[in-house]
Every structure is written in structure tokens, then in C-alpha cells.
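I opened my notebook to look up a few side-chain contacts and backbone angles. Here is what I looked at.

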Amino acid sequence: MGRGVLRVYQEDWFPFKALPDALREFTRRTGIRAELAWDVVGVGTIEHMFDTMVRSFTAEQPAFDVVCCDEIILRKMYRLGGVTDLASRMRRDGLDLGHVTEATRRAVTVGDGVLGLPCVNVCSMLLCRRDLLERYGLPVPRDWGELRSVAEELQSAVRRDENREFWGFETRGAGGGGHAVWTLGSFTGSFGVRWLDEGGRLAPLADGHRAALETYLALIREVCPPDQAEISFVEMRRDYAAGRVGMIMDVGMEYAHILAQGGPLADNSLVAMVPAGPRGRAPNLYCPAWAVPARTDMADEAWELVKFLTSDARLEADGLQANAVECASLPVLYGAAFDRHFRADLLAAVRGSRAVADEERPFGSAGIEACAVVGDAVEAAIRGRETVDSALARIRRGLEALLEGEQP
């Protein structure tokens, strides 16, 4: 069996805390040994994770045999021949992608090829201090304009009554390929625009791009903390727990962790879908997939592990053990076990978001570099180094350069 041990790479994030147990169970069942490498990520470190993922699909002797990889990275690595196409193995073993949404299926396939099997579908949602909204008679925001007005009113009221620093809203604002670009996707989608078209070509800049970025930046500048350009999901969770902000917009996995801790913060919080824009609600979708590098010498064993980790039984166990509420499998997400385990507001927001979520990072085969083009330009705009127009022009130039460099 090749080197004899499957090497597995994963982000050290609490929804995957059941993974060590899962690997031990897999070894007991199959006799195939597996070892896990964790990677902690956040602002300034997520790039290391991206680089490690890329090297797993480009090195002649990859360090890992199974990688839970960002689907944007996977698409580029597949174009370069670094990813094992799982389609033939799926047909042989009677598997398909009928248990996930159409948006997820599109994310992990290229033509007839299957890049990997998804384990989670992460979407943006709101987490709000219910007690503060109720205290001041404020609604849960339904659209971007209402988010701004509610955040402004809440911010002013708390500062007045409690005489302390307080901000109405917070979301991701850091540059790179995994922060501001992620949040902005829920804005652009709700304004009906994309960075790349369905064929992966550069979409023309439209009024919707300008309106989406203007709406995002107005919130950042008026109702968010001054360090927004350094904020990722890690800092948001910290600030929300510290009472620094009244509402945050990130992913349901983060909220499941907060609510599972119990106590006053959980009791005083509620989860809701992202606000709507002119084209409705458009929560961004992130659906990393368990993939097999093409150059592994343990492809058959790796496939067995991928099947095991993405089975409904395993995803349900992960959900219950690690509060991984945003699992990819629709039968598990809508199952009775999740009904019993998760809070109703969280589960309703996750299910509602899943139904309309779609990829709205630069979705093509240009890789995570395309996400960084958007993220870095947006961060520069937050810091006042770019205007809306110059940031959009910078994004267009950067994406054009990447797309021109693609090889068939």
C-alpha cells in the first residue's frame, strides 16, 4: 500500500474536531493507517494553508494523500492535472452528487469530472444580540439598508446608555484570498453581479458592482470598528463574545460553536439569514471537498477514506460531535438528528441559506490568486487607499492579468 500511511491535511477548525476519531474508526474498519496534519488559520496565516494545499497537487511527491481543499484551488489544480478525477470511481461504487445542492455540484465538478466530494457547505448569515435589539425595539435587519439603519441606531443607543465603545456591526475586512472577498460576495450576489461569468471569463463591470462595493464600504465606515481591515472570522468571534459589537456577518459554523457554549451570550443571541439586496438574498457559498492529489501513490486507499469521510453516517456523527451544522449532505442537514440537536433559529437560517447560496468569489480556474485580487483591492478601499472606482479598476486589471495567463 504505497508508503503504508495515508497522510491527511485539514484546517484546524472546530467543526472538524471529530476528524481524529473518524480516522481511528476508518483504520479499525479497513486496516488502512492514516495520520492527520492540522493547520491553524486566520489573518496572516490562511495563506500558509492555501500554499500547502497547492503544493499537495503540484509536488512530484506530495506531502499529503487526502486534502480537504478550497474548491477554487481545486479547479485550478484540476486544470493543471494535479487532481484525481473521482468520476469513474463514483460510477463503479454507485455514488453520485444527488445529496447536495446544484450550486455545490457545480462547485466540485468540471464537465464530467469530479474534483472531490464535499463535506461542508458554509454560508454567510447574521448573528445578532437579540437582547439589545429587543431592548431598543429594533428589528432583525431584512435588507442592506435596514442593516445600516438598525446598526446605527443600536450603536448610538448603547454608547449613550452604557458610556462605552460599541459598534453596531462587524464582518470580514482583511485582504488576501479568504476574508473581505468572502463577505463582499454576499453583497455582489444580492446586486445580481459576478466577477466571472459562467464560463469563467471576466464579466463586464456593471452598476451592480459599484452599488455592492459602495454598500459594503458604507457599513464598514459608519457602523464597524476602525480595525475592520484586519478582521477575519477569528477576530469577529472574539469581538462578539467581548460585547464590542451588536451584529456580525459570518458563517453558521462559527455561530454553532458560540451557541454550543451556552450561557448568557448564547441565550441573548439569534441567527438570521443575510440581508437582501435588489436581487434578493445571496449568501456566499464555500464548499471545500475531500480530494486526492494525482501524484499520490495511495490513490485507492485515499478514495476509500474520501468515501468514508463524506458518508451520511460520518457527516451526521461530525455534526453531533463537533456541532458541524453546515454539512454538505442535504439528508443529514434536514434529518431528525439535527432537528433534535441544534437550536431552531440556527437550523432554520442554515437550511434557508443553503437553498439560495451560490459561489460568489471569482469562480473559475484562475485559483485563489483571483480571490486575493478582490480581497486586496477591497482592503485597500477600507483603508482609504483606493476609491470605489479605483478599487474596481484594480480588480479588473488583476483578474484580466490572471485570466490571460491561464493555459488550456
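Predicted model: local features only at pLDDT ≥ 70, side-chain atom pairs only at ≥ 80, totals over all residues.

**Charges over rings**

I started with Lys17: its charged end sits over the ring of Trp38, 5.3 Å from the ring centre. The rule I used for a charge over a ring is that NZ of Lys or CZ of Arg is within 6 Å of the ring centre and within 35 degrees of the ring normal. Next I found Arg159 over the face of Trp167, 4.3 Å from the ring centre.

Residues are numbered from 1 along each chain as its sequence is written, and side-chain values use heavy atoms, with hydrogens and water left out.

**Ring pairs**

Then I looked up aromatic pairs: rings of Phe, Tyr and Trp (its six-membered ring) pair if their centres lie within 6.5 Å, and planes under 30 degrees apart count as stacked, over 60 as edge-to-face and the rest as tilted. I got nine aromatic pairs by this rule. Trp13 and Phe233 make a tilted pair, because their planes are at 50°, with the ring centres 6.3 Å apart. Where do Trp13 and Phe233 lie? Trp13 is in the loop between β1 (5–11) and α1 (19–30), and Phe233 is in helix α10 (residues 233–241), so the pair ties together parts that are 220 residues apart in sequence. My helices (H or I, at least four residues) and strands (E, at least two) are DSSP runs, numbered from the N terminus.

Are Trp13 and Phe233 buried or exposed? Both are buried; buried means under 20% relative accessible area, exposed over 50%, and partly exposed in between (1.4 Å probe, protein chains only). I also noted that ring pairs link Trp13, Phe14, Phe16 and Phe233 into a cluster.

I went on to Trp182 and Tyr286, which form an edge-to-face pair, 6.4 Å centre to centre with 80° between the planes. Trp182 lies in helix α8 (residues 180–190) and Tyr286 in strand β11 (residues 285–286), so this pair joins parts 104 residues apart in sequence. Trp182 and Tyr286 are buried too.

**Positive phi**

Last, I checked phi. Most residues other than glycine have a negative phi. Asn163 has a positive phi of about 50°; I found Asn163 in the loop between α7 (144–162) and β8 (170–171). At 72% relative accessibility, Asn163 is exposed.

Asn323 also has a positive phi, near 55°, and sits in the loop between α14 (312–322) and α15 (330–333). I wrote down Asn323 as buried, with a relative accessible area of 18%.
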